[in-house]
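Look at the model below before reading on. The text then goes through it one part at a time.

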Amino acid sequence: MLNRVLLVATLLAVAAFLIYLASLARDALSPNETYASSIGLTLDQCVSAQDGLKPEEARGYCRRPVPKRL
């Protein structure tokens, strides 16, 4: 009886770990994120921080894709 309980608990722990690994892999393989979100800003905050650029250029700069950091 105890062996079956331990077996079920071990299988649940292994399943939870595999789900965790799958979520890490999905995050690592997902597409790039925008520059604004990579530094923790909204698009509007990023655009307003780009002083030397025209609004259209600043918006394009903040939307450019950068690789995700894990």
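Predicted model: local features only at pLDDT ≥ 70, side-chain atom pairs only at ≥ 80, totals over all residues.

Residues are numbered from 1 along each chain as its sequence is written, and side-chain values use heavy atoms, without hydrogens and water.

Begin with the inside. The largest nonpolar core has five residues: Ala36, Cys46, Val47, Ala58 and Cys62. Such a core is a set of buried Ala, Val, Leu, Ile, Met, Phe, Trp, Tyr and Cys residues joined through side-chain atoms within 4.5 Å. Buried means under 20% relative accessible area, exposed means over 50%, and partly exposed is in between (1.4 Å probe, protein chains only). Helices α3 (43-49) and α4 (55-63) each supply at least two residues of this core. Helices here are DSSP runs of H or I with at least four residues, numbered from the N terminus. Which residues does valine 47 touch, leaving aside its neighbours within four places in sequence? Valine 47 is in contact (heavy atoms within 4.5 Å) with Pro55, Ala58, Arg59 and Cys62.

Arginine 59 also takes part in a salt bridge, and its partner is aspartate 44. Side chains of opposite charge can pair when their charged atoms come close. The term requires a side-chain nitrogen of Lys or Arg within 4 Å of a carboxyl oxygen of Asp or Glu; in this pair the closest N and O atoms are 3.8 Å apart. Because arginine 59 lies in helix α4 and aspartate 44 in helix α3, the pair ties together parts that are 15 residues apart in sequence. Arginine 59 is partly exposed at 30% relative accessibility, whereas aspartate 44 is exposed at 52%. The whole structure has one salt bridge.

Now turn to the surface. Val14, Phe17, Leu18, Tyr20, Leu21 and Leu24 form a nonpolar patch with about 570 Å² of accessible area together. For a nonpolar patch, residues need over 30% relative accessible area and no salt bridge, and side chains of Val, Leu, Ile, Met, Phe, Trp or Tyr are joined within 5 Å. Areas come from the Shrake-Rupley method with a 1.4 Å probe, and for residues only the protein chains shown count as cover. Leucine 24, in helix α1 (residues 2-29), is partly exposed at 40% relative accessibility.

Key. Patch = residues over 30% accessible without salt bridge, like charges linked within 9 Å, V, L, I, M, F, W, Y side chains within 5 Å.
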